[in-house]
Amino acid sequence: SGWTSYKHRFELLDNATVDSHHVHADNCCRHGQRCLPEPTCMPWRSHSAVLFLHGHEEKANFGFAGGKFFFSPSWSTREHERVRIMPKAGRMVAFRAGLENLHGVEAVLHGKRCALLVW
């Protein structure tokens, strides 16, 4: 049907941020500090977009905590260097899919996070 569901269990240690989707680019595979356009890494993707279907502010039945989308200046960046995008119903983030826009998603701590991803 085109929908994929992932269920993750996370343990937070010393209040550290855990990522459900580690830092990555959407059209290449990481090799050290480089990103190579291997066939299994979908090199045909030129742009990406995330459309948030709801956010933290929604009613208790649909709200969630955590799950922030973020951009990262490098593969291994410190938490305070991340640029986070707060999920909000109808908000879309669109960007080039390559190495210039490394990104990830922090773990959802409770509730369900719904977003539509487009490449």
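Begin with the aromatic rings: a search of the whole structure finds 3 aromatic pairs. This is a predicted model.

**Stop 1: the phenylalanines**

Select Phe-69 and Phe-71. Their rings form an edge-to-face pair, 5.1 Å centre to centre, with 85° between the planes. Both Phe-69 and Phe-71 are buried.

Now colour by strand. Phe-71 belongs to β6, while Phe-95 belongs to β8 (residues 92-96). The pair links distant parts of the chain, 24 residues apart. Phe-95 is buried, as is Phe-71.

Show the three residues together. Phe-69, Phe-71 and Phe-95 make up one aromatic cluster.

**Stop 2: charges over rings**

Select Arg-82 and Phe-70. The charged end of Arg-82 sits over the Phe-70 ring, 3.8 Å from its centre.

Go next to Arg-45 and Trp-119. Here the charged end of Arg-45 sits over the ring of Trp-119, at 3.9 Å from the ring centre.

**Stop 3**

Where does Thr-77 lie? Select the loop between β6 (69-71) and β7 (83-85); Thr-77 is in it.

Is Thr-77 buried or exposed? Its relative accessible area is 15%, and buried means under 20%, so Thr-77 is buried.

The side chains of Thr-77 and Glu-81 are joined by a polar contact of 2.8 Å.

Thr-77 is in contact with both, once its neighbours within four places in sequence are left aside. Arg-82 was also at the previous stop, with its charged end over the ring of Phe-70.

**Stop 4: the sheet**

Switch to cartoon view. Which strands make up the open sheet, and in what order? There are 4 strands, running β1-β9-β6-β7, with antiparallel pairing. The edge strands are β1 (19-24) and β7, each pairing on one side only. Look across the sheet: neighbouring strands are turned by 25° against each other on average, direction ignored.

Select β1 and β9 (residues 103-106). These strands run antiparallel, and 3 bridges join them. Zoom in on Asp-19: it stands opposite Glu-106 in β9. In general, strands of a sheet pair through backbone hydrogen bonds.

Notes: Residues are numbered from 1 along each chain as its sequence is written. This is a predicted model: local features need pLDDT of at least 70, side-chain atom pairs count only at pLDDT 80 or more; totals for chains, interfaces and linings use all residues. Side-chain values use heavy atoms; hydrogens and water are left out. Helices (H or I, at least four residues) and strands (E, at least two) are DSSP runs, numbered from the N terminus. Buried means under 20% relative accessible area, exposed over 50%, partly exposed in between (1.4 Å probe, protein chains only). A polar contact is a pair of N or O atoms within 3.5 Å; within protein, one must be able to donate a hydrogen and the other to accept it, and residues adjacent in sequence count only if both atoms are side-chain atoms. Contact means heavy atoms within 4.5 Å. Rings of Phe, Tyr and Trp (its six-membered ring) pair if their centres lie within 6.5 Å; planes under 30 degrees apart count as stacked, over 60 as edge-to-face and the rest as tilted. A charge sits over a ring if NZ of Lys or CZ of Arg is within 6 Å of the ring centre and within 35 degrees of the ring normal. Two strands pair if DSSP finds at least two bridges between them. Axes are lines fitted to C-alpha atoms, for helices over the stretch in contact, and angles run from 0 to 180 degrees between N-to-C directions.
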